Amino acid sequence: MAITDDVLVIGGGLAGAMAALAAAEHDVQVRMITYKQSTLRHASGLIDVLGYTPTGDGPLVDPFEALEAVPAGHPYERVGGDAVREALLFFDAIAGSLYAGTHTDANALVPTASGSVKPTARYPSAVASGLASDDRDTLLVGFETLPEFDAPMAAAHLEAAGVPFAVRGVTRRFPGIRRDDAKVTRYAHLLDRDEDVDIGRGATRARPALAELVRQALDGERRVGFPPVLGDDNHDTVRRDLEERLGVDVFEVPSGPPSLPGMRLEDRLYHALEEAGVRVTTGIPVVDYEGDGDRIDRVLVDRKGQQVPYAAEEYVLATGGLVGKGIDSGRERVFEPIFDCHVDHAADRYDWFVDDVFGDHPFARYGLSVDHELRPQDGGGDREFDNLRAAGAVLGGYDFAAEKSGSGVSLATGFVAGDRAGTEVSG
Amino acid sequence: MATDTEVLVLGGGSTGCGIARDLAMRGLEVTLVERGNLTHGTTGRMHGLLHSGGRYAVSDQSSARECIQEVGVLQDIAGHCIEMTGGLFVQRPEDSDDYFQQKLEGCRACDIPAQVLSAREAREREPYLAKDIKRAIAVPDGAVDPFRLCVANAHDAERHGARIETHAEVIDLLREGDDIYGVTVRHDSGPGKRTHKTPGTIEDITAAYVVNATGAWAGQIGAMADLEVAVRPSKGVMTIMNIRQVDTVINRCRPKGDADIIVPHETTAILGTTDEEVEDPDDYPEEQWEVDTMIDTLSELVPILSDARTIRSFWGVRPLYEPPGTGTEDPTDITRDFFLLDHEERDGVGGMTSIVGGKLTTYRLMAEKISDHICDQLGHRATCETADVPLPGSENLEALDEAMDDFGLRSPVARRSKQRLGSRSRAVLDTDEPNPVICNCESVTRAEVQDAIEQSGSDLNAVRIRTRASMGNCQGGFCCRLLGNELHPEYDEETARAAYDELFQERWKGERHALWGEQLSQAMLNYALHATTYNADADPAAVDGSVDFAAFDGGQRDSRDDPAGVMATDGGDPSQPSRRPGRGDHSPADRGGDR
């Protein structure tokens, strides 16, 4: 006897969480099944919608205007501009004060850990004071034991990028960090708990010690940027405490994995899932399905080598792209591993990429083709299943990395797929 | 006539570096010029097999004897560059019994220790060998890191007064009548250590004697002085696995052919190879069938290879040579012996000898013979010491093991670092500064990276060959940018960024041949990380055109930043917030803001 729900969402990243939350709005029973840690942990925490057009024009000031013009087959074209706005409103309500950027349609330009700038529609509140499209002079503070963020290099790079403010970087030793290989969560917890630290001048606490060494480095700058380690559970308190002590604004510069801002977003989404009554099953992969060809009857998960069935009326596939393994490949072909939905790709694997590392790689666009209801289509344009929708990076037809559209597509398609699935069941 | 140097060595591969060290130790003044990085030509593009001689024991017994002799020498002088893994010649049911017997007898005839193992014994040693193998011969093969070996030779040559110039391409041979007296080189970024963005220069270097040790490129160099050197470049593919499926060198026991060897190399295993003659050593096709052949054919020996992850493939060009008139059709049959071509004897043009053929395992012996010849030419009397004096990094390795010092590093990191640095470990790793890991895949710390930068300038590929940073699973996805950061502030931001771009592109070149399964997933992650998180593909610092920052969302300031606050702290006019312009090319009208 299968475990049965109304809507089953496969995948627990941004798209899967949005789909589950949107479906749950319809008062139906929703389950979300996830396997590995979600790729949100790899993500910088920025919610981009569209930074560059599919042909590479940008950075775009207004992503909403530009996304109306994407070509047929692009996920934004499939769901339409109104759905993108609706999905973002839905996200804003969930994110609450964790995120900023709701006051305007314009993209913000956010400094990256390398010192480039990136266009994004929403950004964590912890990042808000650091915008490169804000013209206040800036001090960046890096730490000797965190090579991911080299503050003097990032500052020099920002100046080379032409930012409209003066920016300087300094490198310091983080108070209380004794091991060179301490994890980023260790830095965050030192500040979260304001632990006692010994910096050679008697015992003090982590936050005042950090504030003091930054105060000595300040030279009239109105804001200070750090790598994203300013607290985990208490990050708001940590940041405000440092701001009080320094009398300037404090912000984090988004960076690569492991990423605390990505983890904070994950925490917020999972909290919302719990509130919405979504059943979350983690740590098991969906490996197969049973059905009559038109409809999926149930999916099979692998639980310690045993195949266990889970059934629902409607299914949402949000297993991610090549990174999350929602799309997989061998030497001969690219495929979708659970339902074997059609993935359009070149026959010869040497046609999957181009020779320039940042060239227009076909593999970056590999994924499922879907109809306007986000139902996957086979090679002939027919529906693969009546009760399956797909969302997020498992979709093809767009290069999220080049466009800076990954989060926006996940939000919009997750929202639409979940909403339609919920409607089917409740309506 | 006074010359700039006594001996000028062309080529920074194992042969050239070996000769430079040998001659410098004999007291001669030596200059070495190399077009790219050290090892850039063929040395850095081999499978890393340290030949016991077993592979030549049937076809070329004099080479086989030299190999086993030199393996013994390298254990004494280059311990930190080699790993004595042992090797197996594995016979499958379809492979010839006669050949197996010839191989065994050939090894014994050449004094190569050889022991027959039953299939069960072979599989006990290497559990991933195919279940249906017939038997195997165990020989003392090993693995060598050609980068470390070459760099150590060059480094020691410098310690003995040699001048080593990388990124210095020979653009002409200086010849007057029947005498060659030097070369013209083009320095990529001026003489000395490489610094990106430094303008190139041209230099004439005169010498009493010139050694053309450019391997597969020897014909091109010869042609500059109208000399014919009939080198026959032959390409071969090497496919790198992400882990060591085997800890022993696995050879297929059959006459030499494609895809017949697996060499455990550092954290990886390298599959090799093909043998196809090419016209131009700088321009030949890197073909999909070659990669597929490695995986499909070697899976017959080690079946798990068929589904294993490969991280990249690379091609090398052998500098094969055969004396005029031999007329061998198949490059596989061309001898691996080396040839010393004295152009005075051969062509009546004095002052230069070319070296062609040869192999890495016997590089030192070749260098000794060539150095003897050069000393004869110059009337210089000195004995060769390279068989007895350890290379830098290989002195007193026992003392390092006994000290058991981890220099404050986690033990896996310390172990890997010490394997690479050998007796230089203390000098490099013993630091009071924080020493975080920069490359996680290969456990390379900041101190080791900084040591390499000190040796090689702003060239991150030179740092790579010294440290293995960016050579692991992620192929630099996570560490290339961090390596660039390590160049700053000694080198300016623009230089550091150019060096990072160059390394990232170089890593991609080899990774393209591994793009399916796990490595395609890794490639997408690398692309997403760099393009999405860092916006490296559309970086305003790198692309044309300026950004109108003021048109974008500048945030919602809270009370701390209201105009009154600004006035209170700096006394400025709140309607004209003070701004210092950045280095960008913004007109004042571009700024101003909408707040």
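Trainee: Which elements of chain B do the buried residues of H5(B) pack against?

Mentor: This is a predicted model. The buried residues of helix H5 of chain B pack against helix H1 (14-25), strand S2 (30-33), strand S8 (142-144), strand S9 (163-165), helix H11 (411-421) and helix H14 (460-467).

Trainee: What makes H5(B) largely enclosed by the rest of the structure?

Mentor: Count its buried residues. A residue is buried if 20 or more other C-beta atoms lie within 10 Å of its own. Twelve of the 14 residues of H5(B) are buried, so the rest of the structure largely encloses this helix. Among them are B:Phe147, B:Leu149 and B:Val151, but also B:Arg148 and B:Asp156.

Trainee: How do you know that the span of H5(B) is close to the expected one?

Mentor: The helix runs over residues 146-159. From first C-alpha to last it reaches 20 Å, and 20 Å is expected at 1.5 Å a residue. After the helix comes B:Gly161, with a positive phi near 95 degrees.

Trainee: Why are S12(A) and S13(A) called paired?

Mentor: Two strands pair if DSSP finds at least two bridges between them. S12 (residues 223-226) and S13 of chain A have four, so they meet that cut-off. The sense is parallel. One bridge joins A:Val224 to A:Val250 in S13(A).

Trainee: How many residues are in contact between domain 1 and domain 2 of chain A?

Mentor: Contact needs C-beta atoms within 7 Å. On that basis, 15 residues of domain 1 are in contact with nine of domain 2. The domain 1 side has seven nonpolar, five polar and three charged residues. The domain centres are 34 Å apart, taken over C-alpha atoms.

Trainee: How many residues of chain B are in contact with chain A, and which element gives the most?

Mentor: 63 residues of chain B are in contact with 71 residues of chain A. H17(B) gives the most to the chain B side, with eleven residues. By class, that side has 27 nonpolar, 18 polar and 18 charged residues.

Key:
Residues numbered from 1 in each chain as written. Chains lettered and ligands numbered in written order. Predicted model: local features only at pLDDT ≥ 70, side-chain atom pairs only at ≥ 80, totals over all residues. Contact = placed C-beta atoms within 7 Å. Helix = DSSP H or I, 4+ residues; strand = E, 2+ residues; numbered from the N terminus. Nonpolar A, V, L, I, M, F, W, Y, C, P; charged D, E, K, R; others polar. Domains from an automatic or database assignment. Expected span 1.5 Å × (residues − 1).
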